[in-house]
Amino acid sequence: MSGKVYLIGAGPGDPGLITQKGINCIAAADVVVYDYLASAELLKYARADAELIYVGKKGGDHTLSQDGINALLVKKAGAGNVVARLKGGDPFIFGRGGEEIEELVAAGLAFEVVPGVTSAVAAPAYAGIPLTHRQFASCVTFITGHEDPDKTESMLNWQALADTGGTLVFFMGVKNLPNIVEKLRQSDKDPKTPAALVRWGTTAGQQTVSGTLETICGNVAAAGLKAPCIIVIGEVVSLREKMQWFENRPLFGRRIVVTRARKQASDLVERLSQMGAACLEMPVIEIEPAKDLSALDAAVENISGYDWLVFTSVNGVDAFFNRLHALGYDTRALGRIRTAAIGPATAKRMNDNGLNADIIPESYRAESVVSAFAGQDVSGKKILLPRAEGARPVLPEELSKMGASVDEILSYRAVQGQAEAGELAEALKSGQVDMVTFTSSSTVKNFMALLPESGAKQLLSGATLAAIGPITAQTASDMGLEMDVVADEYTIDGLCKAIAAYYQKKTAV
């Protein structure tokens with residue numbers, strides 16, 4: 001039985017620019033064959049059992065030749081597999097997709113083409129350059145920049161290109177930039193014509209160098225710009241000065257390590273990415289159920305005997321409701337029990353499970369929960385507190401002093417995550433990290449456990465350190481680390497605001 005190949009345009013680099021159909025095809029594939037320019041983040045849509053094959057081409061270094069890629073697609077599809085062929089940009093815009101399809105047709109194999117956003121459109125857009133504009137350009141031409149400058153005759157009609165009066169966009173032509181400029185100037189293209197090169201367009205590593213046909217080669221050389229680049233030539237480039245937006249974001253280009261558990265990191269990664277950061281996910285913790293759940297199960301079975309249910313984290317909410325549902329109950333089993341949440345994120349997770357919080361303190365730490373209870377008569381009341389192993393004892397101790405009977409149940413634990421110690425150390429050593437974020441005391445402890453004890457401080461000397469709140473910062477201080485940023489509001493939103501404010505202040509100095 002023959003399979004099928006989906007030739008998918010993976011977009012220009014920003015993983016958010018892939019089409020929904022492209023995502024669906026990746027999710028359905030038995031085999032994913034992907035390029036150098038296709039974002040590795042797209043692989044998260046693949047099935048856990050899918051075969052992932054990298055066939056990237058970088059600066060002449062081919063993991064697999066084009067003939068080899070063609071043969072691979074025929075082999076995998078011919079064996080009955082559904083194959084997702086991920087190509088950077090659009091498969092048919094200088095992507096050699098046509099050649100791959102010709103081989104599939106010759107082999108009698110089924111295929112579909114899923115168009116993608118081409119870098120020729122996306123990179124200039126993210127650089128603030130509209131390819132057409134009523135006052136400047138009524139047409140745009142896409143051109144390969146790969147022509148060999150030693151050829152005696154060019155396949156391109158340079159005079160026609162120079163005379164279009166529209167925008168010229170060259171693919172992968174940074175090495176041939178001097179030749180491209182020379183050919184256009186020989187064809188009487190005005191040397192004052194604006195020009196720009198956009199490297200790694202739509203990604204956090206985007207770099208734009210602009211000038212004119214007179215100056216662009218020197219500007220690019222001075223900036224050390226290398227492939228992959230898109231070259232844009234035309235009057236529309238002059239609009240970049242007032243239209244650029246992507247590179248103006250507050251954290252643009254900052255490389256920030258996120259140490260949260262991978263399942264919980266998405267909100268922090270999304271917020272930081274929206275502000276322009278390149279996030280390096282290094283999950284130093286993972287959340288697991290407590291080793292012994294018998295005490296939590298017993299508390300759930302006897303939940304009607306409690307007056308208060310207090311949650312100090314989202315993880316505590318998840319752990320409690322996982323057992324509630326596993327034992328065959330739902331929110332109705334909580335009856336008239338009153339509730340407290342340490343902060344808005346915890347309260348929201350409670351609400352997601354059909355439970356409202358009666359108490360949410362103004363400050364999101366255990367001491368504030370105690371203060372919030374000051375107006376409540378808890379003497380003789382029974383309080384259930386599902387929480388993590390190793391949590392601070394402040395809350396149960398203070399509630400007990402107020403006369404309450406507190407059942408502190410260990411419901412989950414933070415264990416060492418899947419971050420690679422070698423990868424983490426190398427990223428720090430090579431200066432690839434601008435900031436490391438910590439969202440709990442556990443992330444600090446586990447992060448430090450991954451680094452060599454004798455050289456940890458040296459590795460971190462070039463990075464800014466940020467903590468979600470004072471408790472996390474104190475844990476770091478106890479381990480010999482001083483935080484450069486400590487959020488005033490102990491939430492992901494508060495941490496992101498504090499990070500943005502830090503860099504804004506640093507830039508202003």
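Colleague: What percentage of the 509 residues in the protein is buried?

Modeller: This is a predicted model, where local features need pLDDT of at least 70, side-chain atom pairs count only at pLDDT 80 or more, and totals for chains, interfaces and linings use all residues. Residues are numbered from 1 along each chain as its sequence is written, and side-chain values use heavy atoms, with hydrogens and water left out. Buried means under 20% relative accessible area, exposed over 50%, and partly exposed in between (1.4 Å probe, protein chains only). Of the 509 residues, the buried share is 49%.

Colleague: How many helices and strands does the protein have?

Modeller: Both are DSSP runs, numbered from the N terminus: helices are H or I with at least four residues, strands are E with at least two. The count is 19 helices and 22 strands.

Colleague: In what order do the five strands of the open sheet run?

Modeller: Two strands pair if DSSP finds at least two bridges between them. The edge strands, β8 (140-144) and β11 (207-212), each pair on one side only. The pairing in this open sheet is mixed, and the order is β8-β9-β12-β10-β11.

Colleague: Which residue in β11 stands opposite alanine 196?

Modeller: β10 and β11 pair in the antiparallel sense, over six bridges. Opposite alanine 196 stands serine 210.

Colleague: What angle does the direction of α7 make with that of β11?

Modeller: Axes are lines fitted to C-alpha atoms, for helices over the stretch in contact, and angles run from 0 to 180 degrees between N-to-C directions. Contact means heavy atoms within 4.5 Å. α7 packs on the sheet and touches β10 and β11; its direction makes an angle with that of β11 of about 150°.

Colleague: Where does the cis peptide bond lie?

Modeller: Its omega is near 5°, and the bond runs from alanine 227 to proline 228. Proline 228 sits in the loop between α7 (216-223) and β12 (229-233). The cis bond is alanine 227 to proline 228.

Colleague: Is arginine 96 buried, partly exposed or exposed?

Modeller: Arginine 96 lies in the loop between β6 (82-87) and α3 (97-106). Its phi is near 60°, a positive value in a residue other than glycine. Its relative accessibility is 40%, so arginine 96 counts as partly exposed.

Colleague: And aspartate 188, buried or exposed?

Modeller: This residue lies in the loop between α6 (177-186) and β10 (194-199). Aspartate 188 is not a glycine, yet has a positive phi of about 70°. With a relative accessible area of 67%, aspartate 188 is exposed.
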